[in-house]
Structures are given as C-alpha cells and as structure tokens.
Amino acid sequence: MDLRFSPYTLELRHAFGIAGSTRTSTPAMLVEVEHEGITGYGEASMPPYLGESQATAAAFFAQAAAALAGGLARDPFQLEDILPAIDALAPGNLAAKTAIDIALHDWIGRKLGAPWHRIWGLNAAKAPVTSFTIGIDTPEVMRAKTREAAPYRIIKVKLGRSFADDRAIVEAVRSETDKPITVDANQGWKDRDEALAMIEWLQGRGVEFVEQPMPKERIDDTAWLRERSPLPLIADENCQRLADVARCAGAFHGVNIKLMKCSGMREARAMVALARALGLKVMLGCMTETSCAISAAAQLSPLVDWADLDGALLIRNDPFEGTTIVDGRITLPDWPGIGVRRRG
Ligand code: MG
C-alpha cells in the first residue's frame, strides 16, 4: 500500500478566537492511500495549540508509509491489526494517526462500494442538526456573525476570557436570535463558584449545555460543579481518547468526541459505545477541517446527541465535497467510504 501526503493550509473565513488564542488559518495535511487501483483520502487538521505541525506530521507519515509499504497493510481490511500498529509507531501525533485511519476507512468503503454509516448499520436519516460556531470577537462583530449563521438551527458560542465579556457576548448573540445556544468555555473559568453563577445565568438565556467550563487539571472542581449545575457539562479538553471517557463519567454529563484528538473513526466509535455504557451524553465535534475529515466524522453522527460539525463551513478553500448541511441538518451522501470527492 502506498501512502502519499502533502501540506495544505486551511484559510478561515473569519479570524477565529477562543479563550486562549486567535488565528486566521489552520495547518493541515492531506493524505492518500492507494492499493489495487483504489485511492482512499484522509486529513490531519492541526490547530497550533495542540502541538502538532506539518513537519511533525510529515515525519510520522514517512514512518507510517514505510510500515504500510513493508507489508503492514497487506490486507487493508484488517484495521484491528493495522491501526494499533500505526498508533504504536510513536506517542502523540493524533491528527496524523487520524489522517491514516480516515484514509484506510475510505479505501475499505470504496472497495466495498458502501459508505461507512451503512457498513456500521446506521440510519443516515437520524443524523442530527449541527451547531454553527461563532468565535470570540467584539459584541458588534458577534452580532454580525449571528446574522450570518441564519441557516443553522443551533449557535455555539465560545466563551471563557472573562465573565463580563462572556455576558456581553451572550447578550449580543441573544439580541439577534432566539435559537438555542450552546457554549464552550475552553477551560476559561478558573473559580468554581463564579462558574456556577455563570451557568445559572446562562440557563435563563436559552443555553442547552456548557462545554469544558474549567481547566482540565481541575476535574475535582468540575465534579463539584456537575453536582450543582442546572445545565449539562460536556468534556472536551478532558476527553481525548478512549481511556479518558471513563475518567469523565463522574465529572461531566457527556463527552465531546473529535476524530483529530482520538486517532480516528475506529477509536471514536468505541468511545461512543463506552460513553453510552457509562450513561454519558455524546457530542461529535471537529477542528477547522475540510469536508474530508468532516465527512468521516459525519458517518458516526446518527449515533450522537449533538453534533458540532461545522469545520468545513468555517474555511474558504475546501478541496473536497461530501457531507452537506441542509436546513441545519447533517446530510450524508450515498457515496462509498467516507463519502467525499476531490473538487476540480
Ligand atoms: Mg470545545
């Protein structure tokens, strides 16, 4: 099996502000695996604060390419052997591992002539609506972005810089729409009593849940908050891989699963199953990504309570077409594999 890779820079439609940073582009890598005349596509999206880069991904892909060419993928269907071996090549490198996982799933689906939601036995008609994310900005810009978000049914708002700013942001969005809002504090709230007061204030403003209210190291304070919070708390930074799901069970009401942080579709599906067994709600999220990785995640979406798969809507140079958002709902094409085509 051949593995090819090339750097790609995702250009954002708007500067994207979260609690810790603001940026206008996201480094990515596009990969292809080719075997028996069939090509599968994959992608790694690497927001800089997570520590991977095009250089680290290229080094990892070179290692993985040697392993795949050396016979690891003699039978590409054997994902239960291949993907743990890829995972064991080096620690970390989760977005790079995800790119290979996606490309192998795409290859298998194309070989079978079936999309993954069908291989998994899922009903595409049960795919949820997706939220549309508005990054941190001035209240004036937040109002303009809220108006632009008119086609979407749920607005996700990034909070966590200060409680005063957070209130101003929510008021600005609320002045433009009465749609449900979800909020993501990105670990920004440091005091549990203030966080509780903020969540109680948000509950009166049509907010459905709060993502990662406190720093990931403060899981005991988050557990305290969970006992008192009138809104569900969803783990994001606290929940990266399969083993983290169990650790989140006492401190959160649900988990946000993203392909780029968990190593891909195979592990994400296991995380959904474990979360369900532990009585947790499940959200499916993303980074800024092309329609390649978004479409791969969307294959799982009939299994989840909430989706935040707007990543491809936030960029202006998407080289793929695939999953679309129709009337706010994730809409899966019937194309095989992860359901994408290269544009042009
Ligand atoms: Mg988040």
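**Fold and aromatic rings**

Tutor: In this predicted model, among contacts between residues at least 6 apart in sequence, 69% join residues at least 24 apart.

Student: How many helices and strands does the chain have?
Tutor: The chain contains twelve helices and 15 strands.

Student: What is the radius of gyration, and what would a compact globule have?
Tutor: The chain has 19 Å; a compact globule with 344 residues would be near 20 Å, so the value agrees with that expectation. The C-alpha trace spans about 60 × 40 × 40 Å along its principal axes.

Student: What share of the residues counts as buried?
Tutor: Of the 344 residues, 58% count as buried.

Student: Turning to the rings, how many aromatic pairs are there?
Tutor: The count is seven aromatic pairs.

Student: Where do tyrosine 41 and phenylalanine 320 lie?
Tutor: Tyrosine 41 belongs to strand β3 (residues 38–45) and phenylalanine 320 to strand β12 (residues 320–321), so the pair ties together parts that are 279 residues apart in sequence.

Student: Is tyrosine 41 buried or exposed, and what about phenylalanine 320?
Tutor: Tyrosine 41 is buried, at a relative accessible area of 15%. Phenylalanine 320 is also buried, at 1%.

Student: Which arginine lies over the face of phenylalanine 320?
Tutor: That is arginine 342, at 5.2 Å from the ring centre. Elsewhere, arginine 167 lies over the face of tryptophan 201, at 5.4 Å from the ring centre.

Methods:
Residues numbered from 1 in each chain as written. Predicted model: local features only at pLDDT ≥ 70, side-chain atom pairs only at ≥ 80, totals over all residues. Heavy atoms only, no water. Phe/Tyr/Trp six-rings, centres within 6.5 Å; stacked < 30°, edge-to-face > 60°. Helix = DSSP H or I, 4+ residues; strand = E, 2+ residues; numbered from the N terminus. Buried < 20%, exposed > 50% of the residue type's maximum accessible area, 1.4 Å probe, protein only. Lys NZ or Arg CZ within 6 Å of the ring centre and 35° of its normal. Rg over C-alpha atoms; globule rule 2.2 N^0.38 Å. Contact = heavy atoms within 4.5 Å.
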